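Work through the exercises below with the sequence and the structure open. Try each task before reading its solution.

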Amino acid sequence: MLLSASSGMSLDSHHGKWTISSSDDEDELLPPSGTTGASSRQTAEISHSSPPSASPVTLKAEARKNEVSEGTGWALSDSDEDDGAVKQNNQANLPKRAPLKPETKKLKAESERPPSPHGRQYYIDESEDFFESCTPRLDDTYRFYLNKVTGLDREYNSGALHIRDLLSPLFGTLKESVQFNYCFDIAWMVKQFPPEFRDRPVLIIHGDKREAKARLLQQAQPFPHVRFCQAKLDIAFGTHHTKMMLLWYEEGFRVIILTSNLIRADWYQKTQGMWMSPLFPRLPEGSRPSAGESPTFFKRDLLEYLASYRAPELEEWIQRIKEHDLSETRVYLVASTPGRYVGPDMERWGHLRLRKLLHEHTNPIPGEERWPVIGQFSSIGSMGADKTKWLAGEFQRTLTTLGKSSLHPSPPIHLVRSELLSIQLAQSGGSLPYSIQTAQKQLWLHSYFHRWKADRSGRSHAMPHIKTYMRVSPDFTQLAWFLITSANLSKAAWGALEKNNSQVMVRSYELGVLYVPSAFDMKTFPIDETPFPVSSSTSGFPVPFDLPPTSYSPKDQPWIWNISYSQEPDTHGNIWVPS
């Protein structure tokens, strides 16, 4: 039963007082932490000038009071957009900027560290070399890295990379770059390039429209070297969610596929991941068109993905990639592009692409019905009234594919997502979109949820914006495969079958890389139980969180971003009040 709520109404529950916005966004919204206010999805910034003795920050956003669901402790909005729609103008869920005190209004020094959502004292114990450039181990097998996180013991940032590392001259003499992403802070992004590269041409691939696009273009007015290419989003509620860097050097070419937005907050207090390619050398003049291909056909698939944009701005980059040798690549590309696909094209994109790769490049494992599937993500879309509608149907069949086995077992599925108040959600909760409107309709999903815990990487309290999927042995020591991707748990990202399974529909652009043991001359990947500090003596895969995952307790609730937690501060003493 739904009760009508007046515009000034708020309710008490075990979450505290809360009110609800009318937005039901599935995808990432720029969080209210540590950003400059320049992003196309940001309308406010929290003040970070509080002294160490300041009381916990309270985040508030403009929100309409709508309908209340009786007996659930949750309120319902009048907006229930299909598959987690993302509105271009979704300021309703964003927090207001806390007013600065007059005595704190002053220009920041250029060398000042970026603001922390935990106050300036959060940086006191930060090591001085946090922003110093470093290079990964040259003998690294997997080329999979986590980002640096402020406030950690130094050992947990060894081998981790900051955006300044990725753009460092230590990796090459940059000539031009392309930045594919969802959220941008152009001024901040430009400052991450070393001074000698700061005016090199940058092409931004984005999905913004109308007012959001106008704001993005306005950001770039002071930077004439920054150009834009708008990705075509022809299906409603789709997003350009891919996060990739193409870097063209005097010495060659490099690809980086990652999970971080190009905003300040994503690079300091969150857990992010990335795959960084080797430096691809230029092919000799006159090389045949098929030259420089890898055993995983990464070059072909990357070119096909770029061609799917149908963008003249990318043509010169397509030609450049053709002129380079990508043969050292050992991962497979898994991409999504918007469209409805039939016949053989159904296996080009989304989860059916993943299914095809697992079918062709993995092998059946004895007792595979006991090998759990783990999915870890930051955002959740609408998946239907029960598990059979998508998750335990077509998506589970994809995730449980191992080689050409005719078996389709139903192993355990563990979904890892932050539960209420386990980390600094009151600062970064906007980056974990799961609306009350969607959660209310799929309570069955919550029995799959497991806690985010990452003691092995020192990141238990660094909000996980990373997205990973994997198949793990029953004793959690081996991997049958591992995927890092931009794709959250949604049909919009992964695609959904239609018309009696004769067609698949994908709404969004997504991109990730798949690791399979056969490409590394292994039967399975051993899991590195102590990935930090980085050591050259291990051949294990650095899974970014602790295994086995821990199920939610009866008291645990998934983080819901559009209800208030005013009476339950997070681990840093801060509260979330979207009202």
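**Exercise 1: The nonpolar cores**

The largest nonpolar core has 62 residues, and those with the most contacts inside it are Met244, Val255, Tyr305 and Tyr515. A nonpolar core is a set of buried Ala, Val, Leu, Ile, Met, Phe, Trp, Tyr and Cys residues joined through side-chain atoms within 4.5 Å. Buried means under 20% relative accessible area, exposed over 50% and partly exposed in between (1.4 Å probe, protein chains only). The model is predicted: local features need pLDDT of at least 70 and side-chain atom pairs count only at pLDDT 80 or more, while totals for chains, interfaces and linings use all residues. Residues are numbered from 1 along each chain as its sequence is written, and side-chain values use heavy atoms, with hydrogens and water left out.

Task: find which helix gives the most to this core.

Solution. 
- Step 1. Helix α4 (residues 298-307) gives the most, with five residues. Helices (H or I, at least four residues) and strands (E, at least two) are DSSP runs, numbered from the N terminus.
- Step 2. Leaving aside neighbours within four places in sequence, Tyr305 is in contact (heavy atoms within 4.5 Å) with residues including Met244, Leu333, Trp349 and Glu510.
- Step 3. A second, separate core of 38 residues includes Tyr332, Phe395, Ile413 and Leu415.

**Exercise 2: Strand β25**

Task: decide whether the residues of strand β25 (residues 510-515) are buried or exposed, and identify strands joined to β25 by bridges.

Solution. 
- Step 1. Six of the six residues of β25 are buried, so the strand is largely enclosed by the rest of the structure.
- Step 2. In a regular strand the side chains alternate between the two faces of the sheet. In β25, Glu510, Gly512 and Leu514 point one way, and Leu511, Val513 and Tyr515 point the other way.
- Step 3. Strand β15 (residues 332-336) runs antiparallel to β25 and is joined to it by five bridges; Tyr332 has Leu514 as its bridge partner. Two strands pair if DSSP finds at least two bridges between them.
- Step 4. Strand β22 (residues 478-485) is also antiparallel to β25, with four bridges; here Thr485 is partnered with Gly512.

**Exercise 3: The side chain of Glu510**

Task: state what the side chain of Glu510 makes a polar contact with.

Solution. 
- Step 1. Glu510 lies in strand β25 and is buried, with a relative accessible area of 3%.
- Step 2. Its side chain makes a polar contact with the side chain of Ser486 (2.6 Å). A polar contact is a pair of N or O atoms within 3.5 Å; within protein, one must be able to donate a hydrogen and the other to accept it, and residues adjacent in sequence count only if both atoms are side-chain atoms.
- Step 3. The backbone nitrogen of Ala487 lies 3.4 Å from a polar atom of the Glu510 side chain.

**Exercise 4: Two annotated histidines**

Solution. 
- Step 1. His241 lies in the loop between β10 (226-230) and β11 (244-249), and is buried at 0% relative accessibility.
- Step 2. His465 is in the loop between β20 (463-464) and β21 (468-472), and is buried at 1%.
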